[in-house]
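Hi,

Here is the structure I promised to pass on. Have a look at it first, and then read on for what turned up in it.

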Amino acid sequence: MASKSILCPFCRGIVTTQQQSGYHRIWRVQGCLCPPYSIFRIEFERLHENPARLGGKQKRVYALLRERYHRNSHLPSPLLCVDQDPPDDFDAFTTISVDELLHTWPTTLSERVDRGLCNLINHSMGAGYTIEYDPEKWDLLADDTNVSGFVLQMMRERDWVEVTEDGEYRKTLLIRPNGWARFEELARSTRPENPVFVAMWFGGKDKRDTMSHLYERSIEPAIEAAGFRAKRSDTDEHNEPIMDRIIEDIRKCPFLVAELSDDNNGVYYEAGFARGLGKEVIHCSRENHRPHFDVSGINLVKWKDDEHLQRRLRDRILGVMGSGPFEEKA
Ligand SMILES: [Zn+2]
């Protein structure tokens, strides 16, 4: 297959593009600073001509792709969708919309410090090895060097990181025992063995049976088929003791599945809370339903019936999270 060299619209490195075998409209892109990705050829060309279409956020896409890859390098490389809706039933690819990826950009300083630490460690050879830190690689998920410098300063003050060589631009870092302790604490709170939290409305009196049926026939089997365990929330029973338990369950879950077809406020709240903790949220919605505008840029798992939801949700989980620690059920 013929290939040619051009610039990646996200990291501006030189890439090789090649037609994805079997899909004439899709390019596989590799060789730049980003982990390999696929993209619709027409979208790549449009972005390449006008990178400003992403509103100055193209480097964020690069940093988030890099974070995703180094957190879990066995995940399949994604098909990035910019404007194009990912084709329904395009299950051979892990589709990620660029909007959805950008939604995971940290919104608080404490989230940035924690995720920055995890990124540094995920790129390191292990405890005791030094790390070459280059602000151009965006590991601290900061838009400029003032912010990344501040985040690094916070890490030093918390005794997480020591700067062993302070070059004018690049630095050599060593993760201190306190940094490893924080990293392990963060990893423990999202252990894949913990139950996946399912946020959905269980439908008051009239729809309770239908929704329980959907959970039991589609959502729970999909999660188990991907090798995880599920835990459902009963969002129509919100009161204080239950809320405390729900918050605790969300803190511990490896990721969250949100079923949005009924536009329940509790479900949006739980999904937003998990997002704020930096967790993956997989949103599902019935095919003819339009969820609330805040999630309209997100790549939804749209479903027609029980069987369709089970299959698509299982494939999405495997694409986003990889397979879980429990035996996969057929
Ligand atoms: Zn790139």
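The strands themselves (E, at least two residues) and the helices (H or I, at least four residues) are DSSP runs, numbered from the N terminus. Please keep in mind that this is a predicted model, where local features need pLDDT of at least 70, side-chain atom pairs count only at pLDDT 80 or more, and totals for chains, interfaces and linings use all residues. Residue numbers start from 1 along each chain, as its sequence is written.

**The overall layout**

The protein chain splits into domain 1 (4-102), domain 2 (109-188) and domain 3 (196-321), with bounds that come from an automatic or database domain assignment. Between the C-alpha centres of domain 1 and domain 3 there are 27 Å.

**Domain 1 pieces**

Strand S5 (residues 78-81) and strand S6 (residues 94-97) run parallel and are joined by four bridges. Cysteine 81 sits opposite serine 97 in S6. Which residues of S6 point which way? Thr94 and Ile96 point one way, Thr95 and Ser97 the other, and all are buried. Here "buried" means 20 or more other C-beta atoms within 10 Å of a residue's own, "exposed" means 12 or fewer, and "partly exposed" is in between, with C-beta atoms placed from the backbone.

Glutamate 100 belongs to helix H3 (residues 98-102). Why is glutamate 100 counted as buried? Because it has 20 other C-beta atoms within 10 Å.

Isoleucine 42, in helix H1 (residues 41-49), is partly exposed, since 14 other C-beta atoms lie within 10 Å. From isoleucine 42 to proline 135 is 93 residues in sequence and 31 Å in space, C-alpha to C-alpha.

Next comes an open sheet of three strands, in the order S7-S9-S8, with antiparallel pairing. S7 and S8 are at its edges with a single partner strand each, so one side of each has no neighbour in the sheet. On average, neighbouring strands here are turned by 35° against each other, direction ignored.

Three bridges hold the antiparallel pair of strand S7 (residues 131-133) and strand S9 (residues 171-175). Isoleucine 131 faces leucine 173 in S9, and tyrosine 133 has lysine 171 as its bridge partner. Glutamate 165 is opposite threonine 172, and S8 and S9 make a hairpin with four residues between them.

Helix H4 (residues 109-122) has two helix partners worth a look. The axes of H4 and helix H6 (residues 177-188) come within 10 Å and cross at roughly 105°; axes are lines fitted to C-alpha atoms, for helices over the stretch in contact, and angles run from 0 to 180 degrees between N-to-C directions. H4 is therefore roughly perpendicular to H6 (65 to 115 degrees; under 35 is roughly parallel, over 145 roughly antiparallel and the rest oblique). Asp114, Leu117, Cys118 and Ile121 of H4 meet Gly179, Arg182, Phe183 and Leu186 of H6, where contact means C-beta atoms, placed from the backbone, within 7 Å.

With helix H5 (residues 145-157), H4 packs at about 80°, the axes being 10 Å apart, so H4 is roughly perpendicular to H5 as well. The contact involves Arg112, Val113, Gly116 and Leu117 of H4, and Val151, Met154 and Met155 of H5.

**The five-stranded sheet**

Last stop: an open sheet of five strands with parallel pairing, in the order S11-S10-S12-S13-S14. Strand S11 (230-232) and strand S14 (301-303) are the edge strands, each pairing on one side only. The twist averages 25° from one strand to the next. Strand S10 (residues 196-199) and strand S12 (residues 255-259) run parallel with three bridges, and alanine 199 stands opposite alanine 258.

Helix H9 (residues 265-276) packs on this sheet, touching S10, S12 and strand S13 (280-286), with its direction at about 155° to that of S12. Helix H10 (residues 306-321) packs on the sheet too, touching S12, S13 and S14, and its direction makes about 160° with that of S13.

Cheers

Terms used
Contact = placed C-beta atoms within 7 Å. Pairing = 2+ DSSP bridges.
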